[in-house]
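These are my notebook entries on one structure. I wrote down each item as I looked it up.

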Amino acid sequence: MVSTAPKSTEKLVDTEGTVRLTVAQATIRFLAGQYVERDGVRSKFFAGCFGIFGHGNVAGLGQALLQDEIAAAEASKEPGLKYVLGRNEQAMVHSAVAYARQKDRLQAWAVTASVGPGSTNMLTGAALATINRLPVLLLPADTFATRVSSPVLQELELPSSGDVTVNDAFKPLSRYFDRVWRPEQLPAALLGAMRVLTDPVETGAATVSIPQDVQAEAHDWPESLFAERTWHIARPLPERSVIARAAEIVASARKPLIVAGGGVHYSGAEGVLAALASGTGIPVAESQAGKGSLRYDHPQSVGAIGSTGTTAANALASEADVVIGIGTRYSDFTSASRTAFNNPDIRFVNINVASLDAVKQGGISVVADAREALEALSTALGDFRVSDEYRTRVTELAAEWEDTVSAVYATSDDGAALNQNQVIGLVNTLSDPRDVVVCAAGSMPGDLHKMWRTRDRKGYHVEYGYSCMGYEIAGGIGVKMADPDRDVFIMVGDGSYLMMATELVTAVQEGIKVIPVLVQNHGFASIGGLSESLGSQRFGTSYRYRSGDGRLDGDTLPVDLAANAASLGADVIKATTAAEFTDAVKAAKAAERTTVIHVETDPLIYAPDSQSWWDVPVSEVSTLESTQSAYARYADWKKVQRPLINPSDR
Ligand SMILES: Cc1ncc(C[n+]2csc(CCOP(=O)(O)OP(=O)(O)O)c2C)c(N)n1
Ligand SMILES: [Mg+2]
């Protein structure tokens, strides 16, 4: 018998050098060496690391970041991972995610937080990142792996389980989760996180939870762990037969409509889309994430679709016989809760890199990169053109909506107070085409979706996957960090502002100039309107004193958010009339510092309607007449809802 065993153990000794570093130091050094490449362009993946220290990360990742910063200063170069101190962990994740979106997911941030509340403050950010398919590396600190001094401050003691910590709550919110109980596990955890962060299908929050004792523990790491690594960002190609079938369906259409989603931006498919739309005459409607896929004045642009859509896009959606979805998740706002598409013979062609989205609504799933798929589809369509009649109808509908917007944008010089439509109109007309508008929650996302005239592919940034109040200022800061040459207008309601104005301090600290437009209407215009439409009489949606009968319908509160913003270190301009607001925008654009524009508006003046719907259930039985009549309206809409439009490829 021939033995395959080596004669001596000498040959098994690894000749590669090792480096002795703590787990935290190794993490920072590894992250600094990660690059991405797409279409031959290579760039560093991590722009830096946001952090707030406490026990759990102060002496682990904190010490490692310090060491990195000092070494860089001594060598007169940039740190491997630039550290930025935020004010709130949730906000740091928002800034990180906004940055990644502005960079088309080609660059991201790590975020480190302390044990317990510091870490769980990031949960909302994790959900937001995963839902919006945006990369962020979360590094929540964890309680001791050894558990020698348990229970430590801020530790969850679960009677039923010894190995569950609060960080387990990240599992359902993360596209990747790992906990590094032992140093040896670190390389696999970091590589696993990188795989997910750089994969267009998988990307979202990647969480690597490192116990506080493990962060500080030294280990001998193979040098190769720290070699520069370049991750290729894939553009999966469509199958030829699937494109042929998709082209056949599109070519048979009399009233086709494109629904452009966020995937158009992330894939950089705007140019191919514009060419396809111009060539074929197929109109293009946009979801929130897809807004800006075409310039608003492109001849085939019909603007926003769905619950917050334009009359043009919604009329076309209602009649469309073929819908081509590109990089869209088909959220309820996009499909108007499945009431937008009413042609009984409608067929769908869905182009999406993620099969999860490509299969939605049934129809043909083109699982591929948007740009690649659109190029292939354009070729396969040859000289397909929509009819002149349809082309004219698209032009007329789009022009009609533009007239509606122009009418509500218009201001007078009679010194009257502005309404929200006019505020949006003034920001739109006074900003440069490349400036960015940022928003997330309240009544403005819908109004912006309908009315903002987007002139640049990265000019519109409304977070509407999670629509998270408090995202606005933090997110706007991330956008500005990613794209310093543009002015960033942050449209923020008083409700959102009160949830998270904290990062104004971070903007001041970092010398980041943003322009928050703080729209004070003393409560929730959005939910107030929604409540009223659902028969709940705006209950509990305005910021007021309790009146004599104990209800929250007394006078408005004497809060001064302008003074609040100034107290956080921002410059503030108060504006009431169109002339004052115009001067304020000009001054803010000329300023070097963060400048908040404070404006009061009437919460009862709405954006123009587009006869659409959003499914929010109404109480089936009620003692209130308002609720009973709202339920009758609700029941009528439910009749037109089509839960399964097209379950198969017909
Ligand atoms: C974190 C969070 N909590 C609650 C909500 C539900 N919500 C959506 S809009 C809104 C009110 C927003 O008020 P404001 O920022 O003043 O905007 P307005 O509605 O007045 O335009 C609420 C409570 C949310 N989207 N996010
Ligand atoms: Mg408000």
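Entry 1. Which residues coordinate the magnesium ion (ligand 2)? I worked from a predicted model. In it I found Asp494 (OD), Asn521 (OD1) and Gly523 (O) as the coordinating residues, at 2.0 Å. I then looked at how these donors are placed along the chain, and they follow the spacing D-x26-N-x1-G. I also checked two of the residues for burial: Asn521 and Gly523 are both buried.

Entry 2. I went on to helix 21, which spans residues 525-533. Which of its residues are buried? I noted Ala525, Gly528, Gly529 and Ser531. Around the axis they cover an arc of only 160°, so they lie on the same side of helix 21. I recalled the general rule that an α-helix has 3.6 residues a turn, so residues three or four places apart point the same way. Just after helix 21, I recorded a positive phi of about 80° at Gly535.

Entry 3. I turned to the nonpolar cores. The largest has 54 residues. Leu273, Val302, Ile324, Ile326, Phe341 and Val366 have the most contacts inside this core. Its largest share, 6 residues, comes from helix 8 (residues 240-251). Apart from this core lies another, of 49 residues, and I noted Val97, Tyr266, Ala440 and Val514 among them.

Entry 4. What does Leu273 touch, if residues up to four places away in sequence are not counted? I listed Ile258, Ala260, Val264, Val284, Ser293, Leu294, Ile326 and Leu374. One of these, Ile326, is also among the residues with the most contacts inside the largest core.

Note on methods
Residues numbered from 1 in each chain as written. Chains lettered and ligands numbered in written order. Predicted model: local features only at pLDDT ≥ 70, side-chain atom pairs only at ≥ 80, totals over all residues. Heavy atoms only, no water. Core = buried A, V, L, I, M, F, W, Y, C linked by side-chain atoms within 4.5 Å. Buried < 20%, exposed > 50% of the residue type's maximum accessible area, 1.4 Å probe, protein only. Helix = DSSP H or I, 4+ residues; strand = E, 2+ residues; numbered from the N terminus. Contact = heavy atoms within 4.5 Å. Donors = N, O, S within 2.8 Å, 3.2 Å for Na, K, Ca; no water. Arc of directions from axis to C-beta.
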